[in-house]
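Have the structure open while you read.

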Amino acid sequence: VARNPGEREFHQAAREVLESLGPVVRKHPEYADAEVIRRLCEPERQIIFRVPWQDDAGRVQLNRGFRVEFNSALGPYKGGLRFHPSVYLGIVKFLGFEQIFKNALTGLPIGGAKGGADFDPKGRSDAEVMRFCQSFMTELYRHIGEYTDVPAGDIGVGGREIGYLFGQYKRITNRYESGVLTGKGLTWGGSQVRPEATGYGTVFFADEILRTAGDSFDGKRVVISGSGNVALHAIEKIHQLGGRVIACSDSDGAVVDEAGLDLELLKEIKNGHRGRVSDYAAARDGARHLAGGTVWSVPCDIALPCATQNELDEDDAKALIRNGCRIVAEGANMPTTPAAIRLLVDAGVRFAPGKAANAGGVATSALEMQQNASRDSWSFDYTEQRLGEIMRSIHDRCLETADEYGTPGDYVAGANIAGFTQVADAVLALGVI
Ligand code: NDP
C-alpha cells in the first residue's frame, strides 16, 4: 500500500488474490524464495501519456492515457482499453493485475495488461471519438505489436473505437498487422463470437455451476446489471438456454420487466440510438424503470453483475440472499465488494469470480490472434464450440484446484490458485528478469 499510494482498487484486487495464496506458499516455498509474489505485484512497465485532441467546436481537449504492461511470462501482454471518466492508474492496475491470472486460466499463451483513458465517449460525436482514438494511438503505437502487447476493448471501447485505433496504427506503421488489436470487425480481421464472448462465456460458466448440481437455466429468473456489451450478450444466451432475464440497468437506474426482457427492443434502443434503459421502460408495456435503482432488489434465482467494479455491496448481497438467489457469476471485473462476497459465500450462494467467469472474452481474443496468425477465419459455430470448451475447462480447473488445496467448492480460491501457480511456474522458469 505504501509503495502504491492511493491506488484503492489495485490494493483490493491484490489483497483478494494474496488472501488465497497461504496454502500455495506452504506447499511451494520456492515461490516465496524467488520473490514471485512481489514480482507479480510490480508491473513490468507502466506508460502514462498525454492525449490532446480537438472537439467539434475546434477547442483543444486534453485527456490522460494509460497502458500498464503487467506480466508477460506466458505470452505477449493482452488486455482491454477502457475509456471512462473514472479511469486513473489505480483502476488500470487493478484490471491489469486481474488480467494476469484470468489469461493464465484460459490456458492460452497470453500475458496480462490493461489500458485506457479518462475520456468520456458519452455525448461525443463519431468525429470526436475518431480524433480522440487517433491521438491516443499516436502515442500507444510504439508500445504495442503482435508479439509485444495486444490491446482490445472494455467499457467505452467497442467495435467503433477499435476500428479508429486500428486505422491509425496501420497508417503510422504502414503495416496491416491484424494481430495488434482484437475485437476487430468481421470484414477486417475480426473473429466470429468475439462481441458475444464475454457475455456468452459468463453464462456458460453459470450453466456449468448449475449442471454440477444437476440443474439448468430452464425457467430460472435472472437479473443482470449493465446493458452494454457483456450484459446484452449474457441476456441473449440465457434466453437461448430457457432462462428469463427480468431486469437490467445502466448508470441512471434499472428496468424490471417480469415478462422477460425483449432483447430485440433493448438492442435497438442501446445499439441503434445509444439510448438508456429508461427508454426501454417507456417503450415496453408492463416494464418499470427504477430511477437511480439497481437490479439487486429484484427477486431472482441467479444474478450476473455485468457493469462495473464494486457495484454489488453488502446491502445488495443481503437483498439477494433474502430473495433466494442461489448463484452469482461475475461478468464484470471485481463488481462484488469483498464484504458482499463473504456474505454470499457464507449464505451458501455459489459465487464465481470474474477472473474465471468472464474469461471468455479474452479467450476468444486469443482465438482471434490465432486466426490472424494463420490468415484464417473460423465459423461462428466452431468458434462458439471452442469458447464453450474453454469455459468448461476453466470451471473444472477451479473446482479441481479448490479440492487440491483443501477448499472444496470455493471458486474464488480455485481461480486465484490455478491462475497464480501457472504464471508463477513460468516466472520461475524464466529466471530473474
Ligand atoms: P460497456 O461499456 O459496453 O457497458 C457497460 C455497461 O455498464 C453500460 O450499460 C453502463 O451504463 C453500465 N454501467 C457503468 N457503470 C455503472 C454503474 N455504476 N451502475 C450501473 N450500470 C453501470 O462495457 P462492457 O459491457 O464491455 O464491460 C462491462 C464489464 O465487463 C466491465 O467491468 C468490463 O471490465 C468487464 N469485461 C468486459 C469484457 C469485454 O469483452 N467487453 C471482457 C471481460 C470483462 P452507462 O451507459 O450508463 O454508462
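## Annotated binding site

First, a caveat: this is a predicted model. The UniProt annotation "binding site", from an unreviewed entry, covers K78, Q99, K102, G153 and S365.

K78 sits in strand 3, which spans residues 77–83. Is K78 buried or exposed? K78 counts as buried, because 29 C-beta neighbours fall inside 10 Å and the cut-off for buried is 20 or more. Skipping its neighbours within four places in sequence, K78 is in contact with N103, I110, G111, G112, A113, V150, V362 and S365. S365 also turns up in the "binding site" annotation from UniProt.

If you ignore residues up to four places away in sequence, G153 touches G80, L81, G158, E161, I162 and G183.

## Helix 9 and its two partners

Two packed helices are described by the angle between their axes and the distance between the axes. Helix 9 (residues 229–240) packs with helix 8 (residues 194–212) at an angle of about 55°, and their axes are 7 Å apart. Helix 8 and helix 9 are therefore oblique to each other, and their crossing is right-handed. On the helix 8 side the contact uses P195, E196, T198, G199, Y200, T202 and V203, while helix 9 brings N229, V230, A231, L232, H233, A234, K237 and I238. Sorted by class, the contact of helix 8 with helix 9 has eight nonpolar, five polar and two charged residues.

Helix 9 also packs with helix 10 (residues 263–273), here at about 165° with the axes 11 Å apart. That angle is why helix 9 is roughly antiparallel to helix 10. The crossing of helix 9 and helix 10 is left-handed. Helix 9 makes this contact through L232, I235, E236 and H239, and helix 10 through L263, L266, K267 and K270. By class, the residues of the contact of helix 9 with helix 10 are four nonpolar, one polar and three charged. L232 is on the list for helix 8 and again on the list for helix 10.

## Helix 12 against helix 13

How do helix 12 and helix 13 run relative to each other? The axes of helix 12 (residues 314–322) and helix 13 (residues 338–346) come within 8 Å and cross at roughly 20°, so the two helices are roughly parallel to each other. Helix 12 passes helix 13 in a right-handed crossing.

From helix 12, the residues E314, D316, A317, K318 and I321 meet A339, A340, L343 and L344 in helix 13. The residues of this contact between helix 12 and helix 13 split into six nonpolar, no polar and three charged.

D250 belongs to strand 7 (residues 244–250). D250 is partly exposed, because 19 other C-beta atoms lie within 10 Å and buried would take 20 or more. The C-alpha atoms of D250 and G292 are separated by 9.2 Å, although the two residues are 42 residues apart along the chain. Neighbours within four places in sequence aside, D250 is in contact with G226, S227, R276 and V277.

P353 lies in the loop between strand 12 (350–352) and helix 14 (354–357). P353 counts as buried because it has 27 C-beta neighbours inside 10 Å. P353 and G331 are 22 residues apart in sequence and 8.4 Å apart in space, C-alpha to C-alpha. Leaving aside neighbours within four places in sequence, P353 is in contact with E330, Y411, V412 and A415.

## Positive phi angles

Most residues other than glycine have a negative phi. E35 has a positive value, near 55°. E35 lies in the loop between helix 3 (29–33) and helix 4 (36–41), and it is partly exposed, with 13 other C-beta atoms within 10 Å.

N310 also has a positive phi, near 50°. You'll find N310 in the loop between strand 10 (302–304) and helix 12. With 16 other C-beta atoms within 10 Å, N310 is partly exposed.

Conventions:
Residues numbered from 1 in each chain as written. Predicted model: local features only at pLDDT ≥ 70, side-chain atom pairs only at ≥ 80, totals over all residues. UniProt positions renumbered as here; feature names shortened; annotations may be inferred. Helix = DSSP H or I, 4+ residues; strand = E, 2+ residues; numbered from the N terminus. Buried ≥ 20, exposed ≤ 12 C-beta atoms within 10 Å, placed from the backbone. Contact = placed C-beta atoms within 7 Å. Axes fitted to C-alpha atoms, helices over the stretch in contact; angles between N-to-C directions. Parallel < 35°, antiparallel > 145°, perpendicular 65-115°, else oblique. Left-handed = near helix turned anticlockwise from the far one by under 90°. Nonpolar A, V, L, I, M, F, W, Y, C, P; charged D, E, K, R; others polar.
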